[in-house]
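Dear colleague,

Please find the structure below, together with a summary of what was found in it.

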Amino acid sequence: MEKLLDDVKLNSSLFFMNNIHLEKANIFDRWEIWNYSGNLYDLYIWPFMGHAAYATVHNLVYFHPPLLFAPFYDETRSFSLNFGGLGFVFAHEIGHGFNNAGLDWDNQGVRHKWLTNSTLENVKNLSKCFIEQFEKFRIFEEHVDPNRTLSENIADTFAVSISYAAYKKYVTKHKEFISYPGINMTHEQLFFLGLSQGFCYHGTKEKVINYMKTNVHAFDRFRIIGSLSNSIDFAKAFNCKPRSRMNPSKKCQFW
């Protein structure tokens, strides 16, 4: 980190230029990562961004330190909230190695065709379900682009299933050590509450529309509605009525 910031000049009265200098350093940092040949765990990352990512060419998931704090993780919270928060984020990034885009790469980070034609056809058919699901979501008359966001939408649904399964396996050997008096929710429900808290968003109409038009993720609200309505575990935890909005008869799954 000291090496990264050596050439960054900051001024307490120049907020805009500080961001320019930091972004410039970030770009150079990324260029170095592409050519990095040493120990991948030594790579420096920005300490103040709540961000995680999957590096395809290295088959590596990395996290930024803010994710080790609420609302994603807190050692004083229940396992259910932590698995729903940080567990979901971790599983989402792992999911990028196994979704429609990640399957183009092998475990050495080399992009080539290694799947059979029948498998590729199955990938296409399974992806179609997510496209049809997310193209129905809209806000301010702006629809989610189901193709641009496809990889992220698949990773979200994957993450819900994997992180919940990990939580249920963990508590078979480690009993929940905390309860929340006054909150009439099971730990299964708290898992999904913890998952959703990381996606609370409030912004101007213009910012939301710009997000919808440019981001590779669906808008936060639809990431939650979409992935949780694909989850049988969520429907069971909250006793959702069959064929209701959050428990439709048709659920999209990739694995």
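In this predicted model, the largest cavity is lined by Phe72, Gly84, Gly85, Phe88, Val89, Gly194, Leu195, Gly198 and Phe199. A cavity here is a set of points, on a 1 Å grid over the protein atoms alone, where a 1.4 Å probe fits but cannot get out, and lining residues have an atom within 4 Å of a point. Two or more lining residues come from each of helix 3 (79–95) and helix 6 (187–197), and helix 3 gives the largest share, four residues. By class, the lining comprises five nonpolar, four polar (Gly counts as polar) and no charged residues.

The structure holds one cavity of 30 Å³ or more, and the space in the largest cavity is about 30 Å³, a volume being the space filled by probe spheres set on the grid points, which are joined across faces, edges and corners.

The protein chain has nine helices and four strands, taken as DSSP runs (helices H or I, at least four residues; strands E, at least two). Their order from the N terminus is α-α-β-β-α-α-β-β-α-α-α-α-α.

Of the 255 residues in the protein chain, 39% are buried (under 20% relative accessible area, 1.4 Å probe, protein chains only). Among contacts (heavy atoms within 4.5 Å) with a separation of 6 or more, 60% join residues 24 or more positions apart. The protein chain exposes about 15700 Å², 57% of it supplied by carbon and sulfur atoms (Shrake-Rupley method, 1.4 Å probe).

Residues are numbered from 1 along each chain as its sequence is written, and side-chain values use heavy atoms, without hydrogens and water. Local features need pLDDT of at least 70 and side-chain atom pairs count only at pLDDT 80 or more, whereas totals for chains, interfaces and linings use all residues.

Yours sincerely

Terms used:
1 Å grid on protein atoms, 1.4 Å probe; cavity = no way out; pocket = protein on both sides within 12 Å on 5 of 7 lines; lining within 4 Å. Buried < 20%, exposed > 50% of the residue type's maximum accessible area, 1.4 Å probe, protein only.
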